[in-house]
Amino acid sequence: MPPSPSQGLRRLPLNVMTFGTVAILGPGLIGGSLALALADRTLAKRLMIYARSPRALDEIRLAGVDAELSTNPSEAVRDADVVILCVPIEAMAGLVHEFRDALKPNAFVTDVGSVKGSVVREIEPLLEGRALWIGSHPMAGSEQAGFAAARADLFDGANVILTPTKQTRRDAERLAEKFWLSLGSKIAILSPEKHDQMVAAISHIPHLIAAALVNHAVNFGDLDLAAGGFRDTTRVASGSPDLWAEILLANRDAVGDQVEQLIQGLRTVEMALKNPDQEAAKTVLLATLKAAHDARSLLSAKRPKRK
């Protein structure tokens, strides 16, 4: 049986393998961190980086990353053994269609998108019979964006969710496991649909809530008076609005359903606060707060310590 979301596979010691030529398409926070991590661990014999904008490649060049740079996706993947799609979700299928004829037979292709249902539905048919494909989602990142925010240790201890389907070849899944484990990550296996439901709850809805909290607080006063709790709770609201609008729309079904459930939960709290029966109101509030306290305490206990 595949591991549950909470079960990581064993870690691999550093430098036990290389992945030949690795092509990273999109050198933003995730793609840039992949480039730095692969170089730091000497896991690629040759590194190719594609960006549509020459200015983005200039950042890589100035940073001194040992990689070959290109604004031509077919050129970037032509000799690649591993191809990682790190472009925005809405651009992935078009990019694959653009370079797929240049792929080596049985090249391994994966992505880092935070939505999997639409990505898998669009890309899997494009690569059928052409490449070893599986969807990936490293649960790593920050509210910062771009190569300037990239870190070689971004994936160390991070969970990476793989989303195989009935069409996924087992050797593609094994390659994905080896690739992410070699970067210090842990692996979980979910269907694309289950992934989107879970990530809506632990990533997409929290971002919406952080944005709503900031917008709400702005209506009542000066945000400069906010203390650490407000700043911690709303940190992710500093993320790119364009990127997050795209993510939310790509996962609109799961997010929409969960927004409705969240509103129902808030209405329960609202009714308790309006209830003149003090003891009944306190019972509801205590139950809500205690359930959250206990669950969050377990999460804190499981959090790995970063070196």
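Contact here means heavy atoms within 4.5 Å, and by that rule Phe 179, leaving aside its neighbours within four places in sequence, is in contact with Phe 19, Leu 34, Leu 38, Val 82 and Ile 84. The model is predicted, with local features needing pLDDT of at least 70 and side-chain atom pairs counting only at pLDDT 80 or more, while totals for chains, interfaces and linings use all residues. Residues are numbered from 1 along each chain as its sequence is written, and side-chain values use heavy atoms, with hydrogens and water left out.

Phe 179 also belongs to the largest nonpolar core, which has 38 residues and in which Leu 34, Phe 179, Trp 180 and Leu 183 touch the most other members. Such a core is a set of buried Ala, Val, Leu, Ile, Met, Phe, Trp, Tyr and Cys residues joined through side-chain atoms within 4.5 Å, where buried means under 20% relative accessible area with a 1.4 Å probe, protein chains only. Helix H1 (29–40) is among the elements that give two or more residues to this core, and H1 gives the most, with six residues. A second, separate core of 30 residues includes Tyr 50, Leu 85, Val 96 and Phe 99.

Three bridges join S2 (residues 46–50) to S3, and Met 48 stands opposite Glu 68 in S3.

Definitions and conventions
Pairing = 2+ DSSP bridges. Helix = DSSP H or I, 4+ residues; strand = E, 2+ residues; numbered from the N terminus. Buried < 20%, exposed > 50% of the residue type's maximum accessible area, 1.4 Å probe, protein only.
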